[in-house]
Amino acid sequence: MTTTDVVVIGGGQAGLAAGYHLRRQNLDFVVLDAQSTAGGAWQHTWNSLRLFSPAAFSSLPGRLMPPEPGQEYPGAAHVVGYLSDYEQRYGLPVHRPVTVRSVHRDGTRLRAETDAGHWSARAVVSATGTWWRPFLPAVPGQETFTGRQLHTTGYRRPSDFAGQHVVVVGGGNSGAQITADLSGHGGIDLTWVTQRPPRLLADDIDGRALFDAATARRRALDEGLTDTGGVASLGDIVAVPPVRTARDAGLLKAQPMFTALTEDGVEWPDGTRARAASVIWCTGFRPALSHLAPLGLRGRRGHIATRGTRATDEPRLHLLGYGDWTGPASATLIGVGRPARDAAREIAALLG
Ligand SMILES: Cc1cc2nc3c(=O)[nH]c(=O)nc-3n(C[C@H](O)[C@H](O)[C@H](O)COP(=O)(O)OP(=O)(O)OC[C@H]3O[C@@H](n4cnc5c(N)ncnc54)[C@H](O)[C@@H]3O)c2cc1C
């Protein structure tokens, strides 16, 4: 058993931001990350993915992301390079690959049990993201469908679907971007399906404005003012350049949601059918929190009740990243810095 002040679980951007601020508080800590290499979920996204903000507005605390030459919106590989450089530059003590299987109360301490030994800490920051828990809705006929079903997490490139009928499900950013990616590729017969008509944000709104909207909403809620609606009030889909190109070419036309899968496609309530060799479910994620199950903290929708980043019923546990429920825009590169700073300060105060 290794002892330390703080165990950070997850070495993606949220875990690194936590490490940066724990270091500034002079705390002893380790970051345990299940991946073999730096970069968290960004290592696994589809090839053409681009950030929805310019580099300078996608930075972690302390170090600006450099621009990617020739690109206003950096690609995922550029983010991986930035995160890798970030953890080296600050000498963050990241141990990988180490998967935390469970976290337990152990007297005055918390014990993280992993596939590479146990760590005992006075506080834990969980920063495990959502990519590892894809969500797929249950739809009748799923078991009879003979084609391929995959989630956003399994999509890489259009050429994997050459010559196929493909149905993309989902009216968020992933659904729109993957539809745009596939639509530019000849030889794919594409159907895009969304639960409600797609809501594209205005072209001049990017991640900067989303960050401002999320921050304004949190401030209003904290001050007991009317809910501003946050990012959702602006729309669902950021019009990043490939989405704009597909929209302007008339290729982003969505159908309403189908109600069943058939043996070789999908079916709408009026009996209309579309063939599909592949269905790509861009239907979101849930927080990856199963390692915290022994603490018995799970609340509504799989979340854990928090005040800021601190778990309401376990003051030694902080949650970072995941979504706005752990801080405004906490699940973004630019947004995670402030909740990470607050978490580190609270932990330092708790540990005296
Ligand atoms: C398609 C898509 C596009 C996005 N685009 C943008 C964008 O343009 N700009 C932006 O700011 N944000 C964007 N985001 C949101 C967000 O920035 C990313 O999801 C980001 O990867 C979240 O970082 P994270 O550190 O919270 O989680 P992750 O990157 O998922 O990192 C978590 C790390 O924890 C590890 N881990 C998980 N469980 C365990 C365990 N039990 N033990 C040990 N380690 C574990 C994982 O292996 C991983 O390395 C996007 C998200 C998606 C899905």
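A residue is taken to be near a molecule if one of its heavy atoms lies within 4 Å of that molecule. Bear in mind throughout that this is a predicted model.

**The ligand and its surroundings**

Begin by selecting the ligand together with the residues near it: 29 residues surround the ligand, and the closest are Asp33, Phe52, Val100, Ala331 and Leu333. Show the side chain of Asp33, where an N or O atom lies 2.6 Å from an oxygen atom of the ligand. Then turn to the backbone of Phe52, which places an N or O atom 2.8 Å from an oxygen atom of the ligand, and to the backbone of Ala331, where the corresponding distance from an N or O atom to a ligand oxygen is 3.0 Å. If the surface of the ligand is displayed, keep in mind that the ligand taken alone exposes 980 Å², of which the protein buries 89%.

**Strand S6 and its partners**

Next select strand S6, residues 117-126, which is mostly covered, with seven of its 10 residues buried. Which strand pairs with S6 in the parallel sense over seven bridges? That partner is strand S1, residues 2-9, and a pair to pick out here is Thr2, which stands opposite Trp119 in S6. Strand S5, residues 109-114, pairs with S6 in the antiparallel sense over five bridges, and the two strands form a hairpin with two residues between them. In this pairing Thr114 stands opposite Gly117 of S6.

**The five-stranded sheet**

Now colour the strands of the open sheet whose order is S7-S14-S8-S9-S10, five strands with parallel pairing. Its edge strands are S7 (148-151) and S10 (254-256), each of which pairs on one side only. Neighbouring strands of this sheet are turned by 25° against each other on average, direction ignored. Within the sheet, select S8 (residues 165-169) and S14, which pair in the parallel sense over four bridges; Val168 stands opposite Ile280 in S14. When following the side chains along such a strand, recall that in a regular strand they alternate between the two faces of the sheet. Then display helix H3, residues 173-183, which lies across S8, S9 (189-194) and S14 and runs at about 165° to S9.

**The three-stranded sheet**

Move on to a second open sheet, in which three strands follow the order S11-S12-S13 with antiparallel pairing. The edge strands here are S11 (260-261) and S13 (273-275), each pairing on one side only. S11 and S12 (residues 265-267) pair in the antiparallel sense over two bridges, and the bridge partner of Ala260 in S12 is Glu267.

**The loop between S14 and S15**

Select the loop between strand S14 (278-281) and strand S15 (306-307), where Ala293 has its place; His303 lies in this loop too. Is His303 buried or exposed? His303 counts as buried because its relative accessible area is 19%, which falls under the 20% cut-off. Leaving aside its neighbours within four places in sequence, His303 is in contact with Pro287, Leu297, Arg298 and Trp325. Ala293, by contrast, counts as partly exposed, at 46% relative accessibility.

**Backbone details**

Finish with some local backbone features. In the loop between strand S3 (94-95) and strand S4 (100-106), select Pro97, which is joined to Arg96 by a cis peptide bond with omega of about -5°. Then go to Asn26, in the loop between helix H1 (13-24) and strand S2 (29-32); Asn26 has a positive phi of about 60° although it is not a glycine, and it is exposed, with a relative accessible area of 71%.

Key. Residues are numbered from 1 along each chain as its sequence is written. This is a predicted model: local features need pLDDT of at least 70, side-chain atom pairs count only at pLDDT 80 or more; totals for chains, interfaces and linings use all residues. Side-chain values use heavy atoms; hydrogens and water are left out. Buried means under 20% relative accessible area, exposed over 50%, partly exposed in between (1.4 Å probe, protein chains only). Two strands pair if DSSP finds at least two bridges between them. Axes are lines fitted to C-alpha atoms, for helices over the stretch in contact, and angles run from 0 to 180 degrees between N-to-C directions. Contact means heavy atoms within 4.5 Å. A polar contact is a pair of N or O atoms within 3.5 Å; within protein, one must be able to donate a hydrogen and the other to accept it, and residues adjacent in sequence count only if both atoms are side-chain atoms. Accessible areas come from the Shrake-Rupley method with a 1.4 Å probe; for residues, only the protein chains shown count as cover.
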